[in-house]
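Dear colleague,

Please find below the structure that I am handing over to you. My notes on what was found in it follow directly after.

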Amino acid sequence: MKILVPFKSVPDPNDATVAGAAVSTPKSVINPFDEIAIEEALRIRERGEVSEVVGATIGPPAVDEQIRAALAMGVDRAIRIDDSRALDPYAVARILGALVEKEAPHVVIMGKQAVDDDSNQVGQMLAGLLGWPQATFVSKIEFLDKTRVRCTRETDAGLEVVEVNLPAIITTDLRLNEPRYVSLPGLMKARRKPIEILTCDQLGINVRPLTTVLSVARPPKRAAGTRVESVEELITKLKQEAKVL
Amino acid sequence: MDFAWSDQQRELLDAVGRFATQQLNYDVIENDREGIFNHEAWKKCGDFGIQGLLVPTEYGGLGTDPLTTVAALERLGHGCKDNGLLFSINAHMWTAIIPLVYNGSEAQKKKYLPGLCNGTLIGGNAMSEPNSGSDAFSLATTAIKNGSRVHPQRQQIFVTNGPVADLLVVFATVDKTRGPDGISAFLVEKNSPGMNASRKLEKMGLRTSPMAEVFFENCEVPVENLLGKEGGGAFLFTRSMTWERGCILASAVGSMQRLLETCIRYANERKQGGQSIGKFQLVASKIVDMKLRVESSRHMLYHYAWLSGHRKSIYLEASMTKLHISDCWVKCCEDAIQIHGGYGYMTEYEVERELRDAIASKLYSGTSEIQRNIVASMLGL
């Protein structure tokens, strides 16, 4: 049995130089939700329920640093689809679809969304393209046997338990696990693990993004609040100024 | 001369920096106040690979060269504010791991090194006595050989990691008439019959690194626990000390770099008389001095480690490195407090603790005076 974990390189959300700095080149890291997916795949392998964890990402050679981080965590081997274009979720899902057909994993586990654009679409689109069942926003994964997985999903209404037949797509939520720390022995071992480079041509697909990002801007700064003297005044302001009542 | 790190070294050093900053800085003020050793952080360091840095891979280490090792320890000191934890790790690496790597039998290495690397075992050594410190080889602890057992007797003091150690390298005189050549080293496990770690010793700084007196009374050690050759203890101790003197303040260089960054930030933020205090020349001058101390210390450290890695003589350089960095560290801490003014004297700003921790560096592993004696004698004086 094999798990494929697609992951994305994103600007480090914990990098202090990003917030408020005029000029900054934030460090890249593995998307935190994808890191949770890698951790879960490794735990499943350590329990003996699968034998191989394959990592995959799309990007230029610069993302090899995040690939090595995944290998250092314990991923067995990794694939980089060499493409430096700004791709949208549909293009990413199509590339991953072609990769899934080539690799034939039993499960694909990936983050529910990437923290840079927060699209939350690739997992669902990939399941649609492949015609596979999907379990999204998952906070618990249990392998029932070689053909069925029980997943606990976090929804606005509470926890939902679903069973999916394999092969399936699972997208991970924050509370699934806490990813392990990359150790120095892990880093050393990662250097000896293979990174396979593929192109869209080699996968036999031709993708182009259907959307274009025109600009990125910060949300407007929140104005300071005001203190009201009485409940009556609050009601009046909610009615007349905020117009929410 | 090549001053550039390889991609692999940079990757390793960045990983150490991230680990140290994110995983080790909790409860440091409380642990310092109460004198608590952070066992959990010790294990984390072991799992991460710190203790095993220069141990050959076949015994559970990483097999890094001396230069990469000291640079990794420097990053550790830059990220981790718990100098006591780092001191314990240093004592463990230079006084327990190094003697085992160089002088341990195959069986001893296989038995102890993997645990010493991964953080399940804590090591240290016992050499100082109430009346034998700088004059280390005038050891009064004696060992009597009795068939297959050895019996070390008497008391040793200032045993770093003593209260928590699982394994101590104990030095004892087997034949008093032979002077230093009569000293042997033994591996003594925790709970060996007749060995007792006494009260925890209260200290000015490095309070998170536990220290104890250890007593040997009718203690029994199996003869196969002799480390190295009989009578080879002095040589083994000197080698261990040379490593320790050269490397033990690598983390101090990182600590100085952190203090420098803290002071620059504070000097830019703190306004007095309508301007940042960094614009006052007397403050700026102190910060420039700090920068010079960090850089000169780092260069001496790297040069020592480079020589060590190329198997050159390092006896003189080890002493000079220790002497210089300890001086610089204490002065940097004093300046950092002065730049922070009254705030620097307050515990919560975490600057005063650095000074308390730094002062010990002029005492342990040979006092500054002993280092000067060594340097003088190496200069033919």
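Does Asn218(B) count as buried or exposed, and why? The model is a predicted one, and in it Asn218(B) counts as exposed because 10 C-beta neighbours lie inside 10 Å; the cut-off for that class is 12 or fewer. Asn218(B) is not a glycine, yet has a positive phi of about 50°. The residue belongs to the loop of chain B between strand S7 (211-216) and strand S8 (221-222).

Asp118(A) counts as exposed, because it has 10 C-beta neighbours inside 10 Å.

A further backbone feature of chain A concerns a proline. The peptide bond between Leu166(A) and Pro167(A) is cis, with omega about 0°. Pro167(A) sits in the loop between S9 and strand S10 (168-172) of chain A.

I turn next to the strand pairing in chain A. Strand S7 (residues 134-143) and strand S8 (residues 148-155) of chain A run antiparallel and are joined by five bridges. Together S7(A) and S8(A) make a hairpin, with four residues between them. S8(A) also pairs with strand S9 (residues 158-165) of chain A, in the antiparallel sense and over eight bridges.

On one side, Arg153(A) of S8(A) is the bridge partner of Val138(A). In S9(A), the residue opposite Arg153(A) is Glu160(A). When you inspect these strands, please keep in mind that side chains in a regular strand alternate between the two faces of the sheet.

Finally, there is the contact between the two chains. Chain A contributes eight residues to the contact and chain B contributes 10 residues. On the side of chain B that touches chain A, the elements giving two or more residues are helix H1 (7-23) and helix H3 (39-48) of chain B. H1(B) gives the most to that side, namely six residues. Sorted by class, this side of chain B holds five nonpolar, three polar and two charged residues.

With kind regards

Notes:
Residues numbered from 1 in each chain as written. Chains lettered and ligands numbered in written order. Predicted model: local features only at pLDDT ≥ 70, side-chain atom pairs only at ≥ 80, totals over all residues. Contact = placed C-beta atoms within 7 Å. Nonpolar A, V, L, I, M, F, W, Y, C, P; charged D, E, K, R; others polar. Pairing = 2+ DSSP bridges. Buried ≥ 20, exposed ≤ 12 C-beta atoms within 10 Å, placed from the backbone.
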